[in-house]
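Please open the model in a viewer and keep the selection panel at hand.

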Amino acid sequence: MATFAGPEIERLIALLAKLPGMGPRSARRAALALLKRREALLIPLAAALAETADKVRSCSICGTPDTRDPCSICSDPARDNSLICVVEEAGALWAMERSGAFRGKYHVLGGLLSALDGVGPDALRVTELVGRTRGGEASEVILALPATVDGQTTAHYISERLAGSGVSITSLARGVPVGGELDWLDDGTIVQALRARRPA
């Protein structure tokens, strides 16, 4: 592959291309945009990345990235300590927070069980979750995991680990999205919607 710029720019493009949703072409466009607006974008971005790398840590309680430990959610006294919402990664936590509908605490697993990818139980923060439910404060664990094979495998494993703990284990409802039309939905979504039906 031919190089069109100096090694520093090529390294920037290569690193940008590793980000989710960024291929080589998108990375080149992003690098050009940063270089064109060096003072307004590139230098502030470099400073923000350096500061983030220096200050952000994983919360010792829930595992989410934050600049404080415990994180802002775990240290918020207005949060309901009896509810723990289990998510795969911090991105799912941020999505839940955007909705404003959940006022409990979270637990970030750091991934999902995956035999194909060689991810076993020891690679996830399941033992820490079990420890959090032993304190007696938690009354419900909500499994907010993806509706995939790996997500369901992980949910089943967590349910087994928490069996006998006295904690209620629930999962997010799945089915027809708000504003969704049946003829546009896949078969799996319709099946889940029928199974999760409730009185009107």
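How are H5 and H6 oriented to each other: roughly parallel, roughly perpendicular, roughly antiparallel or oblique? The model is predicted, with local features requiring pLDDT of at least 70 and side-chain atom pairs pLDDT 80 or more, while totals for chains, interfaces and linings use all residues. Residues are numbered from 1 along each chain as its sequence is written, and side-chain values use heavy atoms, leaving out hydrogens and water.

**The helix pair**

Select helix H5 (residues 126-133) and helix H6 (residues 149-162), whose axes come within 10 Å and cross at roughly 40°. H5 and H6 are therefore oblique to each other. Here angles under 35 degrees count as roughly parallel, over 145 as roughly antiparallel, 65 to 115 as roughly perpendicular and the rest as oblique. Axes are lines fitted to C-alpha atoms, for helices over the stretch in contact, and angles run from 0 to 180 degrees between N-to-C directions. Helices (H or I, at least four residues) and strands (E, at least two) are DSSP runs, numbered from the N terminus.

Next, display the side chains of Val126, Thr127, Leu129, Val130 and Thr133 in H5, which meet Tyr157, Ile158, Arg161 and Leu162 in H6; contact means heavy atoms within 4.5 Å. The residues of this contact comprise six nonpolar, two polar and one charged.

**The sheet**

Now select the four strands of the open sheet, ordered S4-S3-S5-S6 with parallel pairing. Two strands pair if DSSP finds at least two bridges between them. S4 and strand S6 (168-171) are the edges, each with a single partner strand, so one side of each lacks a neighbour in the sheet. On average, neighbouring strands of this sheet are turned by 25° against each other, direction ignored.

Move along the pairings:

- Strand S3 (residues 80-87) and strand S4 (residues 104-108) are joined by five bridges; Val87 has Val108 in S4 as its bridge partner.
- S3 also pairs with strand S5 (residues 140-143) in the parallel sense over four bridges, and Cys85 stands opposite Ile142 in S5.
- S5 and S6 run parallel and are joined by four bridges; opposite Val141 is Ile169 in S6.

**Helices against the sheet**

Show the helices and the sheet together. H5 packs on the sheet, touching S3, S4 and S5, and its direction makes about 155° with that of S4. H6 lies across S3, S5 and S6, running at about 165° to S5.

Technical notes
Nonpolar A, V, L, I, M, F, W, Y, C, P; charged D, E, K, R; others polar.
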